[in-house]
Amino acid sequence: MLEKKIIEVRKRVSQWKKDGLSIGLVPTMGALHEGHLSLIKKSVETCDKTIVSIFVNPIQFGPSEDLEKYPKTIDADLELCKNAGVDLVFSPSPSEMYGEGHILSNDFLTYVVPPYFYTDKLCAKSRIGHFDGVCTVVMKLFNIVQPDYAVFGQKDAQQLIVIKKMVKDLDIPIEIISCPIVRDKNGLALSSRNQYLSEDGKKYSLALNKILVNIKACYKKGITDTKSLVETALVFLNNHHELEYLEFVDKNTLENKTVADGDTLVLIAVRVDNVRLIDNCFII
Ligand code: AMP
(Lines give C-alpha, C1' and ligand atoms only; values in the text may rest on other atoms or scores of the structure.)
Protein backbone atom coordinates (compact mmCIF):
# COMPACT_ATOMS: atom_id res chain seq x y z
CA MET A 1 0.00 0.00 0.00
CA LEU A 2 2.70 2.52 1.02
CA GLU A 3 5.58 3.30 -1.35
CA LYS A 4 8.33 5.82 -0.61
CA LYS A 5 10.51 5.20 -3.66
CA ILE A 6 9.92 6.64 -7.12
CA ILE A 7 11.37 3.55 -8.76
CA GLU A 8 8.87 1.25 -7.03
CA VAL A 9 5.93 3.46 -8.02
CA ARG A 10 7.15 3.40 -11.62
CA LYS A 11 7.26 -0.44 -11.55
CA ARG A 12 3.69 -0.69 -10.25
CA VAL A 13 2.39 1.89 -12.70
CA SER A 14 4.08 0.30 -15.69
CA GLN A 15 2.50 -3.07 -14.86
CA TRP A 16 -0.94 -1.45 -14.57
CA LYS A 17 -0.41 0.30 -17.89
CA LYS A 18 0.60 -2.99 -19.53
CA ASP A 19 -2.64 -4.44 -18.19
CA GLY A 20 -4.55 -1.61 -19.87
CA LEU A 21 -5.77 -0.08 -16.59
CA SER A 22 -6.57 3.62 -16.18
CA ILE A 23 -4.82 5.49 -13.38
CA GLY A 24 -6.02 8.37 -11.21
CA LEU A 25 -3.73 10.52 -9.07
CA VAL A 26 -4.86 12.49 -6.02
CA PRO A 27 -2.03 14.77 -4.84
CA THR A 28 -2.23 15.73 -1.14
CA MET A 29 -0.08 16.89 1.75
CA GLY A 30 -1.69 14.38 4.11
CA ALA A 31 -3.60 14.93 7.37
CA LEU A 32 -6.48 13.63 5.30
CA HIS A 33 -10.08 14.68 5.93
CA GLU A 34 -13.46 14.38 4.20
CA GLY A 35 -12.41 16.95 1.59
CA HIS A 36 -9.51 14.75 0.48
CA LEU A 37 -11.76 11.71 0.68
CA SER A 38 -14.20 13.25 -1.79
CA LEU A 39 -11.34 13.55 -4.31
CA ILE A 40 -10.26 9.98 -3.63
CA LYS A 41 -13.84 8.76 -4.07
CA LYS A 42 -14.06 10.54 -7.42
CA SER A 43 -10.83 8.93 -8.58
CA VAL A 44 -11.86 5.45 -7.41
CA GLU A 45 -15.16 5.84 -9.27
CA THR A 46 -13.49 7.13 -12.43
CA CYS A 47 -10.30 5.06 -12.69
CA ASP A 48 -9.24 1.42 -12.41
CA LYS A 49 -6.38 2.30 -10.07
CA THR A 50 -5.99 5.22 -7.68
CA ILE A 51 -2.73 6.57 -6.34
CA VAL A 52 -2.77 9.11 -3.50
CA SER A 53 0.42 11.07 -2.98
CA ILE A 54 1.16 12.37 0.50
CA PHE A 55 4.00 14.84 0.44
CA VAL A 56 4.47 18.05 2.39
CA ASN A 57 6.26 19.83 -0.40
CA PRO A 58 8.99 22.05 1.08
CA ILE A 59 9.43 24.19 -2.02
CA GLN A 60 5.89 25.56 -1.86
CA PHE A 61 6.33 26.93 1.67
CA GLY A 62 7.79 30.36 2.37
CA PRO A 63 10.47 30.81 5.06
CA SER A 64 7.99 32.08 7.66
CA GLU A 65 5.28 29.51 6.89
CA ASP A 66 4.19 26.36 8.73
CA LEU A 67 6.35 23.72 6.96
CA GLU A 68 7.83 22.39 10.20
CA LYS A 69 4.56 22.20 12.10
CA TYR A 70 2.34 21.02 9.21
CA PRO A 71 0.21 18.18 10.67
CA LYS A 72 1.43 14.64 9.92
CA THR A 73 -0.94 11.71 10.51
CA ILE A 74 0.43 9.04 8.18
CA ASP A 75 -1.00 5.99 10.01
CA ALA A 76 -4.51 7.41 10.05
CA ASP A 77 -4.08 8.55 6.43
CA LEU A 78 -3.11 5.04 5.33
CA GLU A 79 -6.13 3.57 7.10
CA LEU A 80 -8.46 6.08 5.42
CA CYS A 81 -6.90 5.37 2.02
CA LYS A 82 -7.21 1.62 2.50
CA ASN A 83 -10.88 1.91 3.43
CA ALA A 84 -11.52 4.22 0.49
CA GLY A 85 -10.21 1.72 -2.05
CA VAL A 86 -6.89 3.41 -2.83
CA ASP A 87 -4.40 1.09 -4.56
CA LEU A 88 -1.17 2.85 -3.68
CA VAL A 89 -0.05 5.67 -1.40
CA PHE A 90 3.11 7.41 -2.59
CA SER A 91 4.78 9.24 0.27
CA PRO A 92 8.33 10.16 -0.69
CA SER A 93 10.88 11.96 1.47
CA PRO A 94 11.99 15.45 0.39
CA SER A 95 15.38 13.99 -0.63
CA GLU A 96 13.68 11.35 -2.80
CA MET A 97 11.95 14.18 -4.66
CA TYR A 98 14.65 16.84 -4.68
CA GLY A 99 17.98 15.18 -3.87
CA GLU A 100 19.91 15.28 -0.63
CA GLY A 101 20.64 18.95 -0.27
CA HIS A 102 17.60 20.17 -2.22
CA ILE A 103 16.84 23.89 -2.51
CA LEU A 104 20.32 24.94 -1.41
CA SER A 105 22.29 22.58 -3.64
CA ASN A 106 22.71 21.83 -7.31
CA ASP A 107 20.81 18.55 -6.93
CA PHE A 108 17.59 20.25 -7.90
CA LEU A 109 17.43 23.39 -10.01
CA THR A 110 14.61 23.17 -12.53
CA TYR A 111 11.28 24.76 -11.66
CA VAL A 112 7.99 25.00 -13.52
CA VAL A 113 7.02 28.66 -13.28
CA PRO A 114 3.37 29.46 -14.03
CA PRO A 115 2.51 32.70 -15.86
CA TYR A 116 2.95 35.89 -13.86
CA PHE A 117 -0.59 36.94 -14.71
CA TYR A 118 -1.84 34.05 -12.55
CA THR A 119 0.61 34.59 -9.73
CA ASP A 120 0.65 38.35 -9.19
CA LYS A 121 -2.58 38.16 -7.20
CA LEU A 122 -4.62 36.42 -4.51
CA CYS A 123 -2.64 33.83 -2.49
CA ALA A 124 0.55 34.41 -4.46
CA LYS A 125 0.83 37.97 -3.14
CA SER A 126 1.55 36.80 0.38
CA ARG A 127 3.05 33.43 -0.64
CA ILE A 128 5.89 34.43 -2.96
CA GLY A 129 6.99 31.52 -5.15
CA HIS A 130 4.25 29.27 -3.78
CA PHE A 131 2.81 28.36 -7.17
CA ASP A 132 6.28 27.70 -8.64
CA GLY A 133 6.63 25.09 -5.90
CA VAL A 134 3.14 23.72 -6.52
CA CYS A 135 3.53 23.44 -10.31
CA THR A 136 6.98 21.91 -9.94
CA VAL A 137 5.87 19.19 -7.54
CA VAL A 138 2.68 18.49 -9.48
CA MET A 139 4.68 18.19 -12.71
CA LYS A 140 7.09 15.79 -10.99
CA LEU A 141 4.19 13.72 -9.64
CA PHE A 142 2.61 13.68 -13.10
CA ASN A 143 5.89 12.41 -14.59
CA ILE A 144 6.40 9.78 -11.91
CA VAL A 145 2.85 8.43 -11.89
CA GLN A 146 1.82 9.26 -15.48
CA PRO A 147 -1.85 9.16 -14.55
CA ASP A 148 -4.76 9.41 -16.99
CA TYR A 149 -6.64 11.60 -14.52
CA ALA A 150 -5.59 13.86 -11.66
CA VAL A 151 -8.11 15.08 -9.11
CA PHE A 152 -7.95 18.47 -7.36
CA GLY A 153 -10.29 20.37 -5.05
CA GLN A 154 -12.08 23.62 -5.80
CA LYS A 155 -11.04 24.58 -2.24
CA ASP A 156 -7.71 25.73 -3.69
CA ALA A 157 -9.31 27.54 -6.61
CA GLN A 158 -6.25 29.51 -7.72
CA GLN A 159 -4.13 26.35 -7.61
CA LEU A 160 -6.70 24.51 -9.74
CA ILE A 161 -6.74 27.26 -12.38
CA VAL A 162 -2.93 27.45 -12.44
CA ILE A 163 -2.63 23.67 -12.86
CA LYS A 164 -5.26 23.57 -15.61
CA LYS A 165 -3.30 26.29 -17.42
CA MET A 166 -0.02 24.36 -17.01
CA VAL A 167 -1.65 21.21 -18.40
CA LYS A 168 -3.06 23.08 -21.38
CA ASP A 169 0.05 25.14 -22.16
CA LEU A 170 2.47 22.21 -21.85
CA ASP A 171 0.20 19.66 -23.61
CA ILE A 172 0.28 17.34 -20.61
CA PRO A 173 -1.85 14.30 -21.55
CA ILE A 174 -3.78 14.17 -18.27
CA GLU A 175 -7.41 15.05 -17.63
CA ILE A 176 -7.87 17.32 -14.63
CA ILE A 177 -10.98 16.60 -12.57
CA SER A 178 -12.16 19.15 -10.02
CA CYS A 179 -14.32 18.42 -6.98
CA PRO A 180 -16.49 20.85 -4.98
CA ILE A 181 -15.52 22.20 -1.56
CA VAL A 182 -16.46 19.95 1.36
CA ARG A 183 -17.55 21.88 4.47
CA ASP A 184 -18.33 20.97 8.05
CA LYS A 185 -21.89 21.27 9.36
CA ASN A 186 -21.33 24.93 10.21
CA GLY A 187 -20.08 25.82 6.73
CA LEU A 188 -16.35 25.95 7.46
CA ALA A 189 -14.40 24.58 4.50
CA LEU A 190 -12.42 21.55 5.68
CA SER A 191 -8.67 22.03 5.76
CA SER A 192 -5.77 20.25 7.42
CA ARG A 193 -4.89 23.63 8.91
CA ASN A 194 -8.24 23.88 10.78
CA GLN A 195 -6.54 21.82 13.50
CA TYR A 196 -4.56 24.93 14.42
CA LEU A 197 -7.77 26.77 15.36
CA SER A 198 -8.84 27.22 18.98
CA GLU A 199 -12.52 26.74 19.88
CA ASP A 200 -13.03 30.50 19.58
CA GLY A 201 -11.00 30.51 16.36
CA LYS A 202 -13.40 27.95 14.91
CA LYS A 203 -16.31 30.29 15.64
CA TYR A 204 -14.57 33.29 14.09
CA SER A 205 -13.59 31.25 11.04
CA LEU A 206 -17.26 30.84 10.10
CA ALA A 207 -17.13 34.44 8.88
CA LEU A 208 -15.50 33.32 5.62
CA ASN A 209 -18.42 31.22 4.47
CA LYS A 210 -20.94 33.74 5.84
CA ILE A 211 -19.31 36.46 3.72
CA LEU A 212 -19.45 34.29 0.60
CA VAL A 213 -23.07 33.28 1.18
CA ASN A 214 -24.01 36.91 1.78
CA ILE A 215 -22.23 38.07 -1.40
CA LYS A 216 -24.12 35.47 -3.42
CA ALA A 217 -27.40 36.69 -1.91
CA CYS A 218 -26.56 40.34 -2.64
CA TYR A 219 -25.64 39.46 -6.22
CA LYS A 220 -28.93 37.65 -6.60
CA LYS A 221 -30.71 40.82 -5.45
CA GLY A 222 -28.97 42.73 -8.23
CA ILE A 223 -25.84 44.23 -6.63
CA THR A 224 -23.02 43.67 -9.13
CA ASP A 225 -20.55 46.44 -8.30
CA THR A 226 -17.73 44.55 -6.59
CA LYS A 227 -16.75 47.47 -4.33
CA SER A 228 -20.26 47.46 -2.86
CA LEU A 229 -20.11 43.67 -2.53
CA VAL A 230 -16.80 43.90 -0.62
CA GLU A 231 -18.42 46.39 1.77
CA THR A 232 -21.16 43.93 2.64
CA ALA A 233 -18.45 41.64 4.02
CA LEU A 234 -17.22 44.08 6.63
CA VAL A 235 -20.07 43.43 9.06
CA PHE A 236 -18.86 39.84 9.49
CA LEU A 237 -15.32 40.83 10.47
CA ASN A 238 -13.99 41.93 13.84
CA ASN A 239 -10.58 42.33 15.47
CA HIS A 240 -10.02 38.55 15.45
CA HIS A 241 -9.97 38.67 11.65
CA GLU A 242 -7.20 39.99 9.47
CA LEU A 243 -8.57 40.20 5.93
CA GLU A 244 -5.82 39.37 3.43
CA TYR A 245 -8.00 39.62 0.33
CA LEU A 246 -11.56 39.44 -0.90
CA GLU A 247 -11.50 39.45 -4.67
CA PHE A 248 -13.73 38.93 -7.67
CA VAL A 249 -12.16 37.28 -10.71
CA ASP A 250 -13.13 35.42 -13.87
CA LYS A 251 -13.53 31.74 -12.96
CA ASN A 252 -11.39 30.59 -15.91
CA THR A 253 -8.76 33.28 -16.38
CA LEU A 254 -8.42 34.91 -12.94
CA GLU A 255 -8.94 38.30 -14.59
CA ASN A 256 -10.14 40.86 -12.04
CA LYS A 257 -13.76 41.98 -12.22
CA THR A 258 -15.08 45.36 -11.16
CA VAL A 259 -18.60 44.29 -12.07
CA ALA A 260 -19.64 40.77 -11.12
CA ASP A 261 -21.33 38.52 -13.67
CA GLY A 262 -22.21 34.84 -14.06
CA ASP A 263 -18.56 33.87 -14.59
CA THR A 264 -17.38 35.43 -11.36
CA LEU A 265 -15.44 33.52 -8.75
CA VAL A 266 -15.22 35.13 -5.31
CA LEU A 267 -12.13 34.32 -3.26
CA ILE A 268 -11.30 35.22 0.29
CA ALA A 269 -8.29 34.76 2.58
CA VAL A 270 -8.44 35.72 6.25
CA ARG A 271 -6.13 35.18 9.17
CA VAL A 272 -8.15 34.10 12.18
CA ASP A 273 -6.05 34.39 15.32
CA ASN A 274 -3.05 34.02 13.00
CA VAL A 275 -4.26 30.87 11.21
CA ARG A 276 -4.48 31.57 7.49
CA LEU A 277 -7.78 30.34 6.00
CA ILE A 278 -8.99 30.47 2.40
CA ASP A 279 -12.39 29.92 0.85
CA ASN A 280 -14.19 30.70 -2.38
CA CYS A 281 -17.44 30.32 -4.29
CA PHE A 282 -18.89 30.81 -7.73
CA ILE A 283 -21.19 33.79 -7.54
CA ILE A 284 -23.98 31.70 -9.11
P1 AMP B 1 -3.78 19.61 0.51
O2 AMP B 1 -3.52 18.33 1.22
O3 AMP B 1 -4.29 20.71 1.39
O4 AMP B 1 -2.64 20.04 -0.37
O5 AMP B 1 -4.99 19.34 -0.49
C6 AMP B 1 -4.93 18.29 -1.41
C7 AMP B 1 -6.11 18.40 -2.33
O8 AMP B 1 -7.31 18.31 -1.57
C9 AMP B 1 -6.17 19.73 -3.09
O10 AMP B 1 -6.59 19.48 -4.43
C11 AMP B 1 -7.22 20.49 -2.32
O12 AMP B 1 -7.89 21.47 -3.10
C13 AMP B 1 -8.17 19.38 -1.92
N14 AMP B 1 -8.96 19.79 -0.75
C15 AMP B 1 -8.50 20.22 0.45
N16 AMP B 1 -9.53 20.56 1.24
C17 AMP B 1 -10.66 20.35 0.54
C18 AMP B 1 -12.07 20.52 0.81
N19 AMP B 1 -12.48 20.99 1.97
N20 AMP B 1 -12.94 20.18 -0.15
C21 AMP B 1 -12.51 19.70 -1.35
N22 AMP B 1 -11.21 19.52 -1.66
C23 AMP B 1 -10.30 19.83 -0.74
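The model is predicted: local features require pLDDT of at least 70, side-chain atom pairs count only at pLDDT 80 or more, and totals for chains, interfaces and linings use all residues. Residues are numbered from 1 along each chain as its sequence is written, and side-chain values use heavy atoms, with hydrogens and water left out.

Next, display the polar contacts (N or O pairs within 3.5 Å). A polar side-chain atom of His36 lies 2.8 Å from an oxygen atom of the ligand. A backbone N or O atom of Met29 lies 2.9 Å from a ligand oxygen atom, and a polar backbone atom of Gly153 is 2.8 Å from one. The protein covers 92% of the 480 Å² of accessible area that the ligand has on its own (Shrake-Rupley method, 1.4 Å probe).

Now colour the DSSP runs (helices H or I of at least four residues, strands E of at least two).

Select the six strands: they form an open, parallel sheet ordered E1-E4-E3-E2-E5-E6 (pairing requires at least two bridges). Its edge strands are E1 (2-3) and E6 (175-179). E2 pairs with E3 (residues 49-54) over six bridges; Thr28 has Ile54 as its bridge partner in E3.

Key:
Polar contact = N/O pair within 3.5 Å; in protein donor to acceptor, adjacent residues only side chain to side chain.
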